[in-house]
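Me: I have a model open and would like to walk through it with you. Could you help me read it piece by piece?

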Amino acid sequence: MTDLAATDALPKPPRDLLPVFLPAILAVAMLPLVGSGSSWVTLTVASLAMGMMIFIMASGLTLVFGLMDVLNFGHGAFIAVGAYVATLVLLPLAGWVQADSLWLNLAVLAPAALAAMAVSGALGLVVERVLILPVYGQHLKQILMTTGGLIVAEQALYALWGPQIIPLPLPTSLRGSFIIGDIAIAKYRLLAMLVGLVVFAGIQLVLARTKIGLLIRAGVENREMVEALGYHIKRLFLGVFMVGSGLAGLGGIMWALYREQVHASMGNDLTVLVFIVVIIGGLGSIGGCFIGALLVAMVANYGGFLVPKLALVSNILLMVAILMWRPRGLYAVTSR
Amino acid sequence: MIILSGDPPRSRALSILLIAIIVALAAVPFLFPGAKAMNVASKICIFAALVASYDLLLGYTGTVSFAHTMFYGIGSYAIAIALYGMGPSWAAIAVGIAVGLPLAALLALGIGLFSLRVEAIFFAMITLAVASAFLVLASQLSWLTGGEDGRSFQLPELLRPGTVFVKDFFGVSINGRTLTYYIVFFASAAMILGLLRVVNSPFGRVLQAVRENRFRAEALGYRTVFHLTYANCLAAVVAASAGVLNAMWLRYAGPDTSLSFAIMLDILLMVVIGGMGTMYGAVIGAAVFILAQNYLQALMGVASNAAAEAGLPLLPGLLHPDRWLLWLGLLFVASVYFFPTGIVGRLRGVTRPKS
Amino acid sequence: MTDLLKLSGVHTNIGRYHILQGVNFAVAEGKTTMLLGRNGAGKTTTLRTIMGLWPPSRGQIALAGQRIEQMATPDIAQLGVGYVPESMAVFADLTVKENLILAARDGPLDTARLEWIFGFFPALRKFWLSRAGLLSGGQKQMLSIARAIVEPRKLLLIDEPTKGLAPAIIGSLIECFAEIKRRGATILLVEQNFHVAQMIGDAVLVMDNGMIVHRGEMAALADDTPMQERLLGLSLEAHQ
């Protein structure tokens, strides 16, 4: 690649950083309200972990929308499918899950996560070809088709696995907490944060450094011009859709382990949360989606602690507040 | 013609089907006075009105709302809470209506002003979020709503089955229950005819212009947000009224019968199967769907048992009556794709999709 | 001399509007052909139809003898067609460098060719790592053209490159088009400004109401003032 030293650079416009600091500001503002420092740390860690998991689920949705103006109302199905597929690996290998060895635990978690991502991603391929491509560019039908897809997927899960809740215990070495002084930090939450950060960094790296990433960013701005440069954007889109579905599957297994149970309705429930996150973040923006996920999780955790009654509608209040401030979400994507 | 607002069914087959449905619904108390048939018939009436109000949004303005059951639920709960709290009196019914309908309209106004400026897709997401929050709220505020159990109540004396008007009319007893059924029947019919008038008024034409090309409608000087919000409020009030009828018929309001996401899906299915943007589609969609729901499910049970006895794998699970929605979902996707104009469009011989 | 591009009886409908109503013309290889005509005559639609962005409803389009009217835009581009749209369509969120990396479809950027481009568009070197959204209108136009020529292309479709630009920048664009031609590319260029067209065009096509109403040598039209008035005076009136 040609390396040219830029002899000059245009003055950069001031970067819009306020949303970036929003989660930190919120966390600090909550400290006096929560009172106890140790509860605050626990709540903050819980928020970060939950936020990262929601981010993993939501990232695909927001990218798919940004790139092709397609909103998949059935996105939640990928989450649920990921969780169910994970049980196929985790339940037969319960011995390894229960073994008191981090390596054995990870040796069973990793293939479970990979299987969840692979199956969700493959399902994404089918959904894109069968439900989205035929009604490409027609919003109304897109919403109807993907909602129909969600019903079918949920019912198919009931038919295959039955309507009961499947318990999914955490691997032994991920249970419990690290205790530092009077602060307890759940081990699994740390793992969730780690995975979330890796996914976020990975997406950002791909978008910033690879040609595929450049194509995605260019496509978000101007689909037609990307095609006129000779790239098949629909193939690119299919790829992004499958990766997004796979990530939803990964989010599904993580959420299932977090709740230690699997149920077909989880896709439905999480869809709402994921939608709020991508709306808050600005449809199509990965950074906005990340911040939105953290904010939603923080409001849920702090809110649940401080005003349990309010927790039920806290997400809606957060969404209303953010949209009053920025009607197109924290980071509105240029072309829309 | 006047009563149909100059928008007749425009198809002989469709007219015959509609007349058959209406005559059958009107005659149910005399032909099939059993409790199950009456329940099915009144549910068809109520849902025909509810689906028609949804069609005003989906079919005529092209906006997808997932909050329609919320308004339906507001109507149901308003009447239930009023009758539960004030006792079975006509005043309580009046209070329920006087509180419920304006509340629904106000909420629709708020949502509309807040989110109708944006694209359809945004609106759909926001309504989904709001509706789910409302559902949680209704099941948590148990001191008011009765929580998951909901609220059962008594109707005023006149509307109870014990109030017999004619003891034996050709072998059928005409009582308060019959009267309630006809209130449901005529109120639903009035709402559907009212909506038919709305969509054929100049206002309705503007809505369709907005649906076809919002930008152009705006350029022509229509305040599209005003029109969309107005349509939204109107749909909300009709939905809440349908909710009132529903609660009165069931003498009960709870999350499952008036608020759940499953009802929202039922509404979507009915409007698509019947035919979007036609109003008549609501009547047909509701009739077909609810008849199928009540009578085909039994058939699925038989098939499932037969498959289980034959030792077939997977089929018993897929055919279990509880998996009824699986098949409906497939039917839904297929009808959006292959028959976007629904039954009404088919009968009218329209092959070109409207939107 | 062979024809690189040939349109026969091309009709294009956009929604209810019938924009191109039987367009016939050929573009000779190695020449710069100007497409003139008043606003709404169908010039932009012609370029977009060739590019496959609005598929024709009838007619044939051939590129070097190969039929392309049914092909998808990316496949047409891969046959060696570069497109500079009227809106320039630079990717504002990407840097100048990243815009050009995407345009170089077949491999890494060719340094020698870049130097050649910098020769007439020095601003691109200057702002190499700046976001394209921050460039001025003229610089964006330069980037958009650079994108189309960063790798050798057989045919360049360029839509009103001088629109709204300062005379000095127009000068460097004219120089650039001459350079591109010298390297053997064929250009089909939509232009409103007859003086500019006169300077760069070899052949000329005039459109009106979705049809070609005149085709010939640029020099012949430049010398024939009555014909200019008949064909293009119309356009002046239409502008006022």
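Predicted model: local features only at pLDDT ≥ 70, side-chain atom pairs only at ≥ 80, totals over all residues.

Me: Ok, switching to contacts between chains. Which chains share the most contacts?

Reply: Two pairs of chains are in contact, and of these it is chains A and B that share the most contacts. On the two sides of that contact there are 28 residues of chain A and 32 residues of chain B.

Me: Which helices of chain A supply residues to the side that touches chain B?

Reply: Helix H6 (139-161), helix H11 (265-281) and helix H13 (311-325) of chain A each supply at least two residues of that side, and H6(A) gives the largest share, 16 residues. Sorted by class, the side of chain A that touches chain B has 21 nonpolar, six polar and one charged residues.

Me: And how many residues does the contact between chain C and chain A take from each?

Reply: That contact takes 29 residues from chain C and 24 residues from chain A. On the chain C side, helix H2 (73-78), helix H3 (96-103), helix H4 (111-120) and helix H5 (122-126) each supply at least two residues, and the residues of this side divide into 20 nonpolar, four polar and five charged.

Me: How far apart are the nearest C-alpha atoms of chain B and chain C?

Reply: They are 12 Å apart, and chain B and chain C do not touch.

Me: Now chain A by itself. How many helices and strands are there?

Reply: Chain A has 13 helices and four strands. Its radius of gyration is 20 Å, close to the 20 Å that the globule rule gives for 336 residues, so chain A is as compact as a globular protein of that length. Along the principal axes, the C-alpha trace of chain A spans about 55 × 50 × 45 Å, and buried residues make up 52% of the 336 residues in the chain.

Me: Which residues have the most contacts inside the largest nonpolar core?

Reply: They are A:Ile54, A:Val277, A:Val296, B:Ala48, B:Val51 and B:Ala286, in a core of 307 residues. Helix H2 (residues 37-68) of chain A contributes the largest share of this core, 20 residues. If residues up to four places away in sequence are left out, A:Ile54 touches A:Leu273, A:Val274, A:Val277, A:Ala293, A:Val296 and A:Ala297.

Me: Last topic, helix H8 of chain B. Which residues there are buried?

Reply: In H8 (residues 202-212) of chain B, the buried residues are B:Gly204, B:Val206, B:Leu207, B:Val210 and B:Arg211. They cover an arc of only 155° around the axis, which puts them on the same side of H8(B).

Me: Why would residues three or four places apart point the same way?

Reply: An α-helix has 3.6 residues a turn, so residues at that spacing point the same way.

Me: What covers the buried residues of H8(B), and which exposed residues are on the face turned away?

Reply: The cover includes helix H2 (35-61), helix H7 (176-199), helix H9 (214-219) and helix H10 (224-250) of chain B, whereas the face of H8(B) turned away from the buried side carries the exposed residues B:Pro202, B:Arg205 and B:Glu212.

Note on methods
Residues numbered from 1 in each chain as written. Chains lettered and ligands numbered in written order. Contact = placed C-beta atoms within 7 Å. Nonpolar A, V, L, I, M, F, W, Y, C, P; charged D, E, K, R; others polar. Buried ≥ 20, exposed ≤ 12 C-beta atoms within 10 Å, placed from the backbone. Arc of directions from axis to C-beta. Core = buried A, V, L, I, M, F, W, Y, C linked by C-beta atoms within 7 Å. Rg over C-alpha atoms; globule rule 2.2 N^0.38 Å.
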